[in-house]
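Subject: Handing over a structure

Hello,

Here is the structure I promised to pass on.

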Amino acid sequence: MPVKAPSDQVTYLEAISRALRDAMREDPSVFLLGQDVAAYGGAFKVTAGMLEDFGPERVMNTPISESGAIGVAVGAALLGRRPVVEMQFADFISCGFNQIVNVAAKMFWRTGRPVPLVIRCPAGGGAGAGAFHSQCVEAWFLHTPGLKVVAPAFPRDAYWLLRAAIRDPDPVLYFEHKQLYRRVKAPASAVFDAGGGSDGRDGHGAGGGGAAGPPPRIGQAATLREGEHVTVISYGWTAHHALEAAEKVAAEGISVEVLDLRTLAPLDEEAVLRAARKTGRVLIAHEACLSGGFGGELAARIAEKAFEHLDAPVRRLAYPDIPVPYHRALEAACLPSAEKIAQVVRELRGW
Amino acid sequence: MLEKQAVPRPVEAEGHSAHPSPQALREMHLFLRLAREWDLRFERLVRLGAVSKWYSAVGNEAITVAAATAIAAGDALVSLHRDSGAILRYYVDASRLFPDQFPPLPGRRAPPTEPRELLYRLACQMLGKADGFSGGRERSYHYSFFHEEAGIIHVGMISHLGAMIPVAAGVALALKQAGGGRVALNFIGEGGTSTGDFHEGLNMAAVYKAPLVLIIQNNGYAFSTPSSEQYASRTLAERGPAYGVPGVRVDGTDALAVLRCASEAVARARAGKGPTLIEAVVGRMRGHSEGDDSFLVLSEDERRRSLEADPVLRFERTLLESGAVTHPYLDQVAKRCAELVLATVDRALASRDPDPSSLPGRVHAG
Ligand SMILES: Cc1ncc(C[n+]2csc(CCOP(=O)(O)OP(=O)(O)O)c2C)c(N)n1
């Protein structure tokens with residue numbers, strides 16, 4: 001069973017579960033595929049109880065066949081069903097790579113036939129799980145036109161972006177950082193509230209618990225914190241480090257703007273450029289490794305389109321270009337952290 | 001436990017035990033001829049430089065046409081690069097194409113589509129023209145065509161061999177979940193059976209009892225690689241029982257034998273009994289692609305034998321022997337098919353090219 005947060009608090013994991021349940025209730029074409037997702041409820045228990053509630057035709061275990069499962073999902077999606085495939089760990093998505101980048105991603109452009117498919121990917125390190133249960137592999141897919149890639153950091157975003165992903169006519173990769181599952185919580189009222197207003201900003205505020213605007217849509221970044229001196233652009237678990245870093249350096253008189261991308265593809269380029277122009281000093285932080293990481297793409301766009309606003313070179317903080325090491329001390333040395341982010345922010349402020 | 005360890009022999013199908021009506025035989029013949037003329041025309045266009053590449057399906061017609069004869073409008077087709085026979089059979093209602101010669105076949109659900117228009121679009125697709133199914137974005141059989149009111153659910157290939165088998169299994173799963181006993185038909189070459197997706201797709205279809213008919217067209221060679229360097233088992237059909245599905249081996253130059261196997265597999269799938277693996281063995285009448293020298297990989301003797309085993313001629317001989325047709329009839333059908341293909345392809349050749357200003361187009365549906 002999912003770990004219940006006290007009182008009306010909803011964990012990130014519960015928000016994901018709830019999104020699946022609500023989508024399944026609302027739309028009979030939605031069904032789940034994945035290893036151990038049925039009676040067992042999934043490796044992380046995201047689908048716990050769903051077999052009982054929705055039956056074996058809609059909650060289906062798959063053999064250990066990532067390519068097979070994603071291919072089957074593509075076939076079903078072509079016939080108008082809305083499969084949600086769970087990767088047991090994001091790392092294993094490599095075994096389904098061809099189905100994603102060549103079959104699913106190119107289908108609409110080639111044939112005009114939509115592939116409404118979601119692949120949920122429990123991603124990221126910090127658990128001492130080694131090189132094959134810890135990776136942040138989103139960049140593999142950002143180089144492929146036709147996919148959408150989301151990476152929510154807060155329960156409200158997790159809920160609404162999964163709902164949006166399931167409704168979306170395109171293949172969506174949904175990266176859920178495992179460190180957020182049970183650690184990050186928000187009041188149920190704030191998470192599920194469909195909100196009002198129409199300014200396009202969801203205003204969930206730092207920690208994702210704030211007043212609700214309209215639910216986030218795919219392709220919308222969120223300003224987590226307003227600041228004047230330095231901009232930190234991030235997503236996923238690292239967005240939480242960025243907020244913590246902003247808090248740290250605030251005490252030193254440095255005011256930091258924190259932008260949470262939430263969606264990596266399609267990119268909210270306007271929000272990125274706005275945030276970059278605002279302070280002229282930009283750090284991009286992500287847990288994925290440096291070379292070929294999304295930070296490089298963001299830095300290039302900022303250099304191309306906001307160069308005249310820059311007062312310092314765009315900096316990147318990312319994983320070193322090595323596989324994830326096993327020992328916790330080794331891993332900690334590699335992961336982004338609030339302190340590492342704060343240090344680069346100080347350096348940028350000094351320019 | 002002994003049972004599980006014993007490797008069951010694949011069923012060796014016997015030919016000629018299906019008993020289609022003379023009219024059904026003539027219809028199947030029409031599509032064998034049409035498919036042959038289709039490929040001959042495009043082979044020629046490669047030599048004339050009007051098409052960049054062509055994987056000839058000459059020699060595969062008895063498999064593809066017969067298999068698609070076993071399905072009906074409403075079933076799904078997932079095709080690869082040598083499946084023109086299946087596509088033509090699946091798209092075209094003979095009684096609309098040549099109503100004077102082919103009355104509607106009792107008991108067969110044919111798509112209610114205008115065949116000449118579909119053939120024109122298909123020819124445009126082969127030529128990369130604007131009126132092709134992909135509007136020039138994709139080559140030859142790399143397109144999909146959905147016309148649900150006509151019962152056409154056709155998912156075309158990507159280049160990567162094997163990749164379409166899990167997709168076909170997913171299509172079959174969706175058909176099963178929709179109810180109504182519809183099935184999916186999918187082809188693969190013997191080379192493509194060495195991919196991981198062959199294993200994953202067939203295994204998943206078996207586990208889910210998805211109504212999938214998977215036909216291996218074993219022409220003995222993948223590009224230049226002989227099947228002895230492709231797999232070490234005696235047959236490919238014997239893989240079927242290892243997945244818990246029937247494995248049937250059939251002479252792929254014998255359209256009636258293929259029809260019988262495919263019909264049995266389709267009936268099984270419709271009855272909820274899951275997938276069937278069929279290995280249809282043919283000779284290779286052409287090289288890998290027109291213009292390469294891979295036909296010469298075969299010994300002279302082998303080349304001669306496979307050309308002699310021409311499945312279209314074989315079927316025509318069978319029809320003649322049975323008295324179902326006469327020589328003038330065969331000549332007339334061949335002429336009609338050749339003229340139809342010529343006119344259709346000529347019209348496509350003269351049609352609009354795609355407009356580069358249509359790029360980049362939409363990579364996303366939403
Ligand atoms: C995954 C993959 N690897 C390589 C190729 C290149 N290729 C195209 S056709 C072909 C041979 C296919 O042989 P087979 O599956 O037996 O079918 P045939 O062409 O003989 O009908 C190869 C190697 C490919 N299309 N896909």
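Let me start with the interface. Chain A and chain B bury about 3100 Å² between them. Of that area, 64% is on carbon and sulfur atoms. On the chain A side, A:Leu79, A:Trp109 and A:Arg110 lose the most area to chain B. Together these three account for 25% of what that side buries. In terms of contacts, 37 residues of chain A meet 37 residues of chain B. The size of an interface is often given as the accessible area lost when the parts come together.

Please keep in mind that this is a predicted model. The scores are ipTM 0.93 and pTM 0.94. Chain A has a mean pLDDT of 94, and 93% of its residues score at least 70. Chain B also averages 94, with 95% of its residues at 70 or more.

Each chain has a stretch to treat separately. In chain A, pLDDT stays under 50 over residues 197-211. The model has 42 contacts beyond four places in sequence for that stretch. In chain B, residues 1-17 stay under 50. For these residues the model has 28 contacts beyond four places in sequence.

Next, the domains of chain A. There are two: domain 1 covers 9-185 and domain 2 covers 219-349. The contact between them takes 28 residues from domain 1 and 24 residues from domain 2. Their centres, taken over C-alpha atoms, are 26 Å apart. Domain 1 and domain 2 of chain A bury about 2000 Å² between them. Carbon and sulfur atoms carry 63% of that area.

Now for the empty space inside. Rolling a probe the size of a water molecule over the atoms shows where empty space is left. The count comes to four cavities of 30 Å³ or more. The largest cavity has a volume of about 120 Å³.

Which domains of chain A supply the lining of the largest cavity? Domain 1 and domain 2 of chain A each give at least three residues. The lining includes A:Ala123, A:Cys136, A:Glu138 and A:Ala151. A:Phe175, A:Glu176 and A:His177 are also part of the lining. By class, the lining has six nonpolar, three polar and three charged residues.

Two elements of chain A, strand E7 (172-177) and helix H8 (237-250), each supply at least two residues of this lining. Strand E7 of chain A gives the most, with three residues.

Last, some backbone details. Most residues other than glycine have a negative phi, and most peptide bonds are trans. Here are some places to check against that.

- The peptide bond from A:Ala265 to A:Pro266 is cis, with omega near 0 degrees. A:Pro266 sits in the loop between strand E12 (263-265) and helix H9 (269-279) of chain A.
- The peptide bond from B:Leu359 to B:Pro360 is cis too, again with omega near 0 degrees. B:Pro360 is in the segment after helix H13 (327-349) of chain B.
- A:Arg262 is not a glycine, yet its phi is positive, near 65 degrees. A:Arg262 lies in the loop between strand E11 (256-260) and strand E12 of chain A.

If you want a place to begin, open the chain A side of the interface at A:Leu79, A:Trp109 and A:Arg110. Then turn to the lining of the largest cavity, where strand E7 of chain A gives the most residues.

Best wishes

Notes: Residues numbered from 1 in each chain as written. Chains lettered and ligands numbered in written order. Predicted model: local features only at pLDDT ≥ 70, side-chain atom pairs only at ≥ 80, totals over all residues. Heavy atoms only, no water. 1 Å grid on protein atoms, 1.4 Å probe; cavity = no way out; pocket = protein on both sides within 12 Å on 5 of 7 lines; lining within 4 Å. Points joined across faces, edges and corners; volume = space filled by probe spheres on them. Helix = DSSP H or I, 4+ residues; strand = E, 2+ residues; numbered from the N terminus. Nonpolar A, V, L, I, M, F, W, Y, C, P; charged D, E, K, R; others polar. Domains from an automatic or database assignment. pLDDT = per-residue confidence, 0-100. Contact = heavy atoms within 4.5 Å. Buried area = accessible area lost by both parts, 1.4 Å probe.
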